[in-house]
Amino acid sequence: MLFRSQAARARRPDSAALAEHQAALWIEQKKYAEAEELLSRQLARSPRAAGLHLLAMQLHVERGEMEPALEASEKAWQSCPGDPAIEAMRVQLLLRSRTVEQALNFATEARKLHPSSPHPKYLTARMLDSLGRSAEALPMLEQAVAEEPKNEPAANHLVRLLIAQDKATDLDSRIESLLEANPDNQFLLGVLAELYAGSNEIGKAQALLARLKDVERHATLIAYLRAAVATSKRDYATAEKLLSAASANPGGHLPSTLLLARVRLEQKIGRAHV
């Protein structure tokens with residue numbers, strides 16, 4: 001995968017663009033010596049060509065040279081300060097080669113340099129959460145999502161953090177709001193379907209499941225919803241069969257377990273009145 005960004009491409013000189021294309025090709029072909037020589041020569045002429053620095057970073061990463069890769073990422077960031085793609089790459093490199101604390105320091109620096117940009121806020125929140133400082137991460141993540149509601153990873157992280165901190169009050173309405181900006185967000189659709197199923201809003205849950213692409217991933221929830229419909233029709237045999245399979249899955253499925261208990265109880269009551 002080639003490390004590039006819109007801002008980097010927009011700012012590169014024509015000669016750097018040609019060199020970038022050739023270097024990218026050589027890196028893909030694993031002709032690292034040729035790529036390194038070309039990048040070194042071209043960077044001497046165009047020291048602020050962020051795209052070339054990103055390719056140098058990729059070259060070093062593929063050769064396992066993490067310190068030179070970090071240096072190249074720093075130069076790319078200095079050439080295009082505020083570029084979200086470069087910031088994200090640099091954070092990932094810091095996490096791979098150093099510590100979460102150092103990644104947090106960089107994200108904090110980026111946030112101070114660009115206070116109006118939501119992306120450094122999201123990166124800072126991610127690092128804070130990784131360090132177990134979720135109480136500090138949450139308000140920053142809320143702010144990042146409010147400023148950039150179409151940032152799908154940030155929206156997903158926010159929902160996970162709200163659930164983990166047991167701050168799920170009105171979570172369904174929060175997710176509905178987030179889905180207005182990300183109507184095809186599969187994670188949010190799945191979580192909201194679970195919430196509707198848990199509150200016995202079967203129709204709403206089924207409507208959301210129809211929008212999911214990875215059906216296998218949500219097989220347990222689908223089985224639960226079918227069982228709920230079967231239970232409402234007093235088709236207890238079908239419901240019990242569906243729920244038994246769902247409850248037997250690793251980690252279980254609490255709504256399925258509870259509904260299975262209800263189905264079995266209703267079956268006993270029904271038999272007692274025969």
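This is a predicted model: local features need pLDDT of at least 70, side-chain atom pairs count only at pLDDT 80 or more; totals for chains, interfaces and linings use all residues.
The mean pLDDT of the chain is 83, and 89% of the residues score at least 70. Confidence is highest in helix α9 (residues 134–147), with a mean of 93, and lowest in helix α1 (residues 6–11), with a mean of 48. The pLDDT stays below 50 over residues 1–13, although this stretch has 32 contacts in the model beyond near neighbours in sequence.

In soluble globular proteins, nonpolar side chains tend to be buried together. In the present model, the largest nonpolar core comprises 82 residues, and Met 57, Ile 175, Leu 188 and Leu 225 have the most contacts inside it. When residues up to four places away in sequence are not counted, Leu 188 touches Ala 155, Asn 156, Val 159, Ile 175, Leu 178 and Leu 179.

Helix α6 (residues 84–97) consists of 14 residues, and the distance from its first C-alpha to its last is 20 Å, close to the 20 Å expected at 1.5 Å a residue. At the start of α6, the backbone nitrogen of Ala 85 lies within 2.9 Å of a side-chain oxygen of Asp 83. The buried residues of this helix are Ile 86, Glu 87, Met 89, Arg 90, Val 91, Leu 93 and Leu 94. Their cover includes α4 (50–62), α5 (66–79), α7 (100–113) and α8 (118–130).

Arg 217 is located in the loop between α13 (202–209) and α14 (219–232). This residue counts as exposed because its relative accessibility is 58%, above the 50% cut-off. The C-alpha atoms of Arg 217 and Gly 190 are 9.3 Å apart in space, with the two residues 27 apart in sequence.

Conventions
Residues are numbered from 1 along each chain as its sequence is written. Side-chain values use heavy atoms; hydrogens and water are left out. pLDDT is the predictor's confidence in each residue, from 0 to 100. Helices (H or I, at least four residues) and strands (E, at least two) are DSSP runs, numbered from the N terminus. Contact means heavy atoms within 4.5 Å. A nonpolar core is a set of buried Ala, Val, Leu, Ile, Met, Phe, Trp, Tyr and Cys residues joined through side-chain atoms within 4.5 Å. Buried means under 20% relative accessible area, exposed over 50%, partly exposed in between (1.4 Å probe, protein chains only). The expected span of a helix is 1.5 Å times one less than its number of residues. A polar contact is a pair of N or O atoms within 3.5 Å; within protein, one must be able to donate a hydrogen and the other to accept it, and residues adjacent in sequence count only if both atoms are side-chain atoms.
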